[in-house]
Amino acid sequence: MTIALDPSDTTPAPASEPEEGFWVPQAADPQDTPAAEEETATDPADHDPVVVRDAQDFGVYARTGGWAFALKVARSVRPGGQAAEGTAARKVSARAFAALAGCSAERVMRYYKAWDMAADDGLVPQFEVLEPGADIELPDADVWLSYYTSRNSASSVRGQAISAAAEAEGIRPTKALEVAENPTALRAAILADPGTAEAARGALLDRMKEDPALQTEMARAIARTDDLKKAVASEAKAADRVGYVRQIVESGQVRTPAGQTVEAPAEVRAEAERHLSLIDELDDSEEAGEWAGEAYESVKGLVARAVEEDPALRVQERRTRFYSSLQKATKVFEELTLDEVLEEEIYEEDMLQRLEALQEAIGGCIAALRKAAPTAP
C-alpha cells in the first residue's frame with residue numbers, strides 16, 4: 001500500500017509517552033462497521049477536511065502501525081543533520097526533529113533505530129534513498145513490534161540480555177523489559193497467582209544451574225528458614241529412598257542393611273519395578289514422600305528376608321556388620337587425645353571406670369573370636 005503523509009506534520013506528541021509505542025486498534029466490532037451504520041461514507045468533499053485528514057491518518061496507522069511514524073523520522077532525520085552524499089542538506093538532526101514534534105530526541109532515535117534494523121533486514125529502504133516527503137510501501141503493522149521498543153533499558157547490556165532471552169522464549173522483548181523494570185509488580189503476581197509462582201520457580205531453577213552465586217543465596221535463605229529447611233530435609237529423604245529403589249531396577253543389584261552390594265533376587269527386583277512405575281506416574285503436584293516411604297520399606301523388608309533365607313549371605317552379612325562396627329570403634333578410640341590424659345585437671349573417676357569396662361568387653365570379644373577360630377590342621 002502507498003501512503004501519502006504530510007511531511008510538515010509536526011503535531012506535538014502526548015506529554016507522557018506510552019510504554020509500548022502507540023496504541024494499536026483492536027479488531028472492529030461488526031456493529032461498528034460501515035455496513036451497520038445508518039450513514040455511509042461518501043465523497044471526502046462532503047466532509048470537514050480536518051475530519052477527513054484524521055480518518056485517513058487513522059486508516060494509515062491501522063494498516064501500518066508505527067511504520068507510518070517511523071517513515072516520517074527515516075525520511076526527515078539524519079543524525080547530526082548532515083546531508084547524505086549526493087543529496088541536498090534538507091534533513092535535520094534528531095534533536096531538531098524532536099523540538100519540532102514536541103517530544104524527546106530519545107524517542108525519535110528509537111524510531112530511527114527501529115527503521116535501521118528493518119533496513120538491515122531488507123524490509124524497508126535505507127535512509128540514504130529516502131528524501132523528505134517520500135512515500136513508500138510500508139510493512140504490515142504486526143511486524144513493527146519486532147523492531148521497535150519504547151524502553152531505554154533495551155539498549156543497555158542488561159536490556160539486551162533480557163530481550164535475547166525473551167526472543168528465545170518466543171515472546172515480545174517489550175513484555176519482558178516491562179516486567180524487569182517493575183519488580184514490585186512481579187512480586188505481587190507471584191504472591192497472588194499460583195501459575196505465575198510456578199513459572200518463577202522454574203525460571204529460578206534454570207538460572208541456578210548456571211549461577212553459583214544464586215545457588216548459594218538460595219541455599220542460605222532456605223537454611224535460615226525453619227519450615228523450608230524441614231521441607232528440604234523431607235524431600236531429600238524421599239529422593240534418597242526413591243534412588244534406592246531405582247538403583248535396584250536399573251543396576252539389578254541391591255545394597256544390604258550391612259552395606260553389601262549383591263545381586264538383587266528376582267522377587268526384590270519385581271517389587272522395586274512395581275513401586276517405581278507407580279512413583280514415575282505421579283503428577284508434579286502430587287506428594288511423592290509417602291509413596292517413596294512405602295516403596296523403600298517394602299523393598300528393604302524383602303532384602304532383609306532374602307538375606308536371612310540364604311545361609312551364605314546371612315553369614316557374610318553378619319561378618320560385614322561386625323567389621324563395620326569394629327572399624328567405627330577403632331576410629332573413635334584413635335581420635336582420643338591421650339596426651340590430655342596426663343593432665344590432672346581433666347581426670348574423672350568415671351573415665352577410668354568406662355575404659356576398664358571397655359577393656360573387659362574387648363577381652364571377652366577377643367576370647368570369643370579365638371574360640372570360634374577354626375582349628376589349625
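Guide: Let's start with Arg 354, which counts as exposed because its relative accessibility is 61%; exposed means over 50% relative accessible area, buried under 20% and partly exposed in between, with a 1.4 Å probe and protein chains only. This is a predicted model, where local features need pLDDT of at least 70, side-chain atom pairs count only at pLDDT 80 or more, and totals for chains, interfaces and linings use all residues. Residues are numbered from 1 along each chain as its sequence is written, and side-chain values use heavy atoms, leaving out hydrogens and water.

Visitor: Which residue forms a salt bridge with Arg 354?
Guide: That's Asp 350, with the closest N and O atoms 3.1 Å apart. A salt bridge here is a side-chain nitrogen of Lys or Arg within 4 Å of a carboxyl oxygen of Asp or Glu.

Visitor: And where do Asp 350 and Arg 354 lie?
Guide: Both are in helix α14, 4 residues apart, or about one turn of the helix. Helices are DSSP runs of H or I with at least four residues, numbered from the N terminus.

Visitor: Is Asp 350 buried or partly exposed?
Guide: Partly exposed, because its relative accessible area is 40%.

Methods: Helices (H or I, at least four residues) and strands (E, at least two) are DSSP runs, numbered from the N terminus.
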